[in-house]
Amino acid sequence: MSPDAPIRSMIEVKGLCKTFNGVHVLRNLDATINKGEIVSIVGPSGAGKSTFLRCLNLLETPDDGHIYVDGVDVDKMDVRKLRMKMGMVFQQFNLFPHLSALENIMLAPTSLRKTPKAEAKEQALELLDKVGLSGKAWAFPWELSGGQQQRVAIARTLAMNPEIILFDEPTSALDPTMVNEVLGVIRSLADEAGMTMAIVTHEMRFAREVSDRVFYMDQGVVYEEGSPEQIFDRPKRDRTRAFIRRVDTVRFEINEDDFDFYRFDAQLDDFAMKHLLEPERRQLLIDVCEELFDNFFFTFVHQLSFALGITEKREVELRFTYGGPEVNPMVDDSGASLFARAIIKKNASEVDFERVGDENVLELVIPNVKTV
Ligand SMILES: Nc1ncnc2c1ncn2[C@@H]1O[C@H](COP(=O)(O)OP(=O)(O)OP(=O)(O)O)[C@@H](O)[C@H]1O
Ligand SMILES: [Mg+2]
């Protein structure tokens, strides 16, 4: 969005209600998305995120409330016109299995828009190039990886020249190694001027980087909204705070006396499962933690807190914060074992030590094994 363009709402939602079998899934939801704005929608499972997107482009019929798209009440709009203006990309790519990538992309323009075949083909080839698949025009869906299929699905949506694109968890059906290629395509679309996008995602780092605004949805409403910094770093409301803490990192407050390594290990395992970490990296996490705890933290420091997070590039970030005098375990005479330092040096792509106030902060990054 250019800074001096007048702000115009592209999507305006007032009092949206939707029930399924008597269960209130959307409860008087109000929201505005401006023209050219990129909004990420995050929130717990069952919050109503998909239902919200599906109501926007009338895949679901709202029970009550109003949706205005570019100033027009969608009740008064022709559904086909609405769908041309507003494309949607789903978690499952839903490509036609009997059509090549190129034909999948050409289908809607030729059948709905009546675009001449040659023109549609030229455009489809350009779009394939844009999503990094110029060599795959004639490949069938079964010949493509999940990431490639999702990029074809994005190109297919773009082929209708939509002004708005809704994404519903576009990367959650993908093998972790393919998440970045798809996020990269979405990011480059977001960088283009003019496109309005609403993206439901569990990729918090991506949401932080790509969005103008973030909606945190909970129990059928937009419970809190704000800039990415506001939502991720300084959430104002309790449930937002609890959610952000839970998804982004695992935190442990550890003190030697009641430390239960089995419980800790189980939580590491949950984290590894949730983020689909490879067994090698799970083991490495345990090794690094055990070494540091046994030989350093338990002997030399007190009041340790430990946070574990995952970045969009699927690196694992470990952050140890502890009080006491300045002591960096990576330094020779710190008391940490040689072995601890050796496995960290061998496996971490970044090791940062910093003194912040009267605390020590050690950050380690363990890279994605598939990309090293
Ligand atoms: N077609 C449907 N029929 C009955 N119940 C539905 C239907 N669609 C959604 N629901 C229910 O509505 C609630 C909200 O679902 P929705 O899919 O919108 O949540 P969500 O925030 O997208 O969750 P997730 O993060 O798991 O995708 C859930 O309890 C779900 O079971
Ligand atoms: Mg959903």
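I take buried as under 20% relative accessible area, exposed as over 50%, and partly exposed as in between, with a 1.4 Å probe and protein chains only. My helices (H or I, at least four residues) and strands (E, at least two) are DSSP runs, numbered from the N terminus.

**Ground rules.** This is a predicted model, where local features need pLDDT of at least 70, side-chain atom pairs count only at pLDDT 80 or more, and totals for chains, interfaces and linings use all residues. Residues are numbered from 1 along each chain as its sequence is written, and side-chain values use heavy atoms, with hydrogens and water left out.

**Entry 1, overall.** I listed 12 helices and 15 strands in the protein. The C-alpha trace spans about 75 × 45 × 45 Å along its principal axes. Of the 372 residues, 51% are buried. I then looked up contacts (heavy atoms within 4.5 Å). Among those between residues at least 6 apart in sequence, 66% join residues at least 24 apart. The protein exposes about 18,100 Å², and carbon and sulfur atoms supply 49% of that area. The areas come from the Shrake-Rupley method with a 1.4 Å probe.

I turned to residues 261-274. Helix α10 has 14 residues and reaches 20 Å from its first C-alpha to its last, close to the 20 Å expected at 1.5 Å a residue. The expected span is 1.5 Å times one less than the number of residues. Which residues of α10 are buried? They are Phe264, Leu268, Phe271 and Ala272. Seen down the axis of α10, these fall within an arc of 100°, so they line one face of the helix. The arc is that of the directions from the helix axis to the C-beta atoms. On the face turned away from the buried side I found the exposed residues Tyr262, Arg263, Asp270, Met273 and Lys274. Just after α10, Leu276 takes a positive phi of about 50°.

Strands count as paired if DSSP finds at least two bridges between them. This open sheet runs β6-β7-β8-β3-β9-β10, with mixed pairing. Its edge strands are β6 and β10 (221-226), each pairing on one side only. Neighbouring strands are turned by 20° against each other on average, direction ignored. Axes are lines fitted to C-alpha atoms, for helices over the stretch in contact, and angles run from 0 to 180 degrees between N-to-C directions. Helix α1 (residues 49-56) packs on this sheet, touching β3, β6, β7, β8 and β9, and its direction makes about 150° with that of β7. Helix α5 also packs on the sheet, touching β6 and β7, at about 170° to the direction of β6.

β6 (residues 86-89) and β7 (residues 164-168) pair in the parallel sense over 4 bridges. Met86 stands opposite Ile164, and Gly87 has Ile165 as its bridge partner. Met86 and Met88 point one way from β6, Gly87 and Val89 the other way, and all are buried.

**Entry 4, the sheet of 4 strands.** This open sheet has the order β2-β1-β4-β5, with antiparallel pairing. β2 (23-34) and β5 (72-73) stand at the edges with a single partner strand each, so one side of each is left without a neighbour in the sheet. β4 (residues 64-69) joins β5 through 2 bridges. There, Val69 stands opposite Val72. Helix α1 packs on this sheet, touching β1, β2 and β4, at about 120° to the direction of β1.

What do the buried residues of α3 pack against? They pack against α4 (117-130) and α5 (146-158). Among them are Leu102, Asn104, Ile105 and Met106.

Note on methods:
Chains are lettered from A and ligands numbered from 1 in the order in which they are written.
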